[in-house]
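Please look over the chain shown below before reading on. The briefing that follows treats domains, helix packing, aromatic rings and backbone geometry in turn.

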Amino acid sequence: MNLQKPLTEEAFNQGLKELADQDRDFARILEKWGNPPKWKEDAGFSGLVRTILGQQVSVSSASATMKRLCETVVPLTPEKLLEFDDVDLKACGISRQKLTYIKELAITICRGDLDLETLASADDTSIRNQLKSIKGIGDWTVDIYLLMSLQRPDAFPKGDLGVILAYQKLKKLETRPTPDELEIIAEQWRPWRAIAARILWHYYLNR
């Protein structure tokens, strides 16, 4: 399959079946709670902003902040965001640090140094290298953007705490696997690592 193409519903169902056939614990999750959501964020600027807001906070907290931001900056584009001062944007619940990151992203796009629409068709490594050159965007942010916004079927957020804790509980491990250890474990789930992550999130949220 083309790993640069967004995950289709057909591929999603195929991946779920293959992972369930491969791992009995995954199969039990699907039997007990059904298929996980396909979870999708917008591509482009708003999706990347939502991912930055999600760094090291709960999903509900990030969603609430994003909702207030979208109600303040209409429409949520790089150009429009830069028309607002820091006081207005901080009132949405954005921390000083994340506000710096989001404004830097907006400036980079407005300057013409980043074209997210063109980048969306690039390979994962090219996307990672270009996005990580922007302050505040690291591997976790890139992984979640690839997985959620671009719907890449094999993107894997090895450093995501929810995924790590879910795997530890699922496999009854005494200690948490490190991100690097989990990345090695996840090799067995290729080319469906993004679906494996969704199954683990599904398990974590339902527990």
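At which residues does UniProt place the feature "domain: HhH-GPD"? The unreviewed UniProt entry places this feature at residues 53–205, in the numbering used here and with the caution that such annotations may be inferred rather than shown by experiment. The model is predicted, so that local features need pLDDT of at least 70 and side-chain atom pairs count only at pLDDT 80 or more, whereas totals for chains, interfaces and linings use all residues. Residues are numbered from 1 along each chain as its sequence is written, and side-chain values use heavy atoms, with hydrogens and water left out.

**Domains**

- Over residues 53–205 the chain is 60% helix and 0% strand, where helices (H or I, at least four residues) and strands (E, at least two) are DSSP runs numbered from the N terminus; the end C-alpha atoms of this stretch are 20 Å apart.
- The domain assignment, whose bounds come from an automatic or database source, gives domain 1 as 9–38 + 155–206 and domain 2 as 45–149.
- The contact between them (heavy atoms within 4.5 Å) takes 10 residues from domain 1 and 6 residues from domain 2, while the C-alpha centres of the two domains lie 26 Å apart.

**Packing of H1 and H2**

- Helix H1 (residues 9–22) packs against helix H2 (residues 24–33) at an angle of about 125°, with the axes 5 Å apart; axes are lines fitted to C-alpha atoms over the stretch in contact, and angles run from 0 to 180 degrees between N-to-C directions.
- H1 and H2 are therefore oblique to each other, a class left for angles that are not under 35 degrees (roughly parallel), over 145 (roughly antiparallel) or 65 to 115 (roughly perpendicular).
- Leu16, Leu19, Ala20 and Gln22 of H1 meet Arg24, Phe26, Ala27 and Leu30 of H2 in this contact.

**Aromatic rings**

- Ring pairs link Phe26, Phe156, Tyr167 and Trp189 into a cluster, and the count of aromatic pairs comes to 5, with rings of Phe, Tyr and Trp (its six-membered ring) pairing if their centres lie within 6.5 Å.

**Backbone geometry**

- A cis peptide bond, with omega about -5°, joins valine 74 and proline 75, and proline 75 lies in the loop between helix H4 (59–72) and helix H5 (78–81).
- Arginine 190 and proline 191 are also joined by a cis peptide bond, with omega about 0°.

Key:
Phe/Tyr/Trp six-rings, centres within 6.5 Å; stacked < 30°, edge-to-face > 60°.
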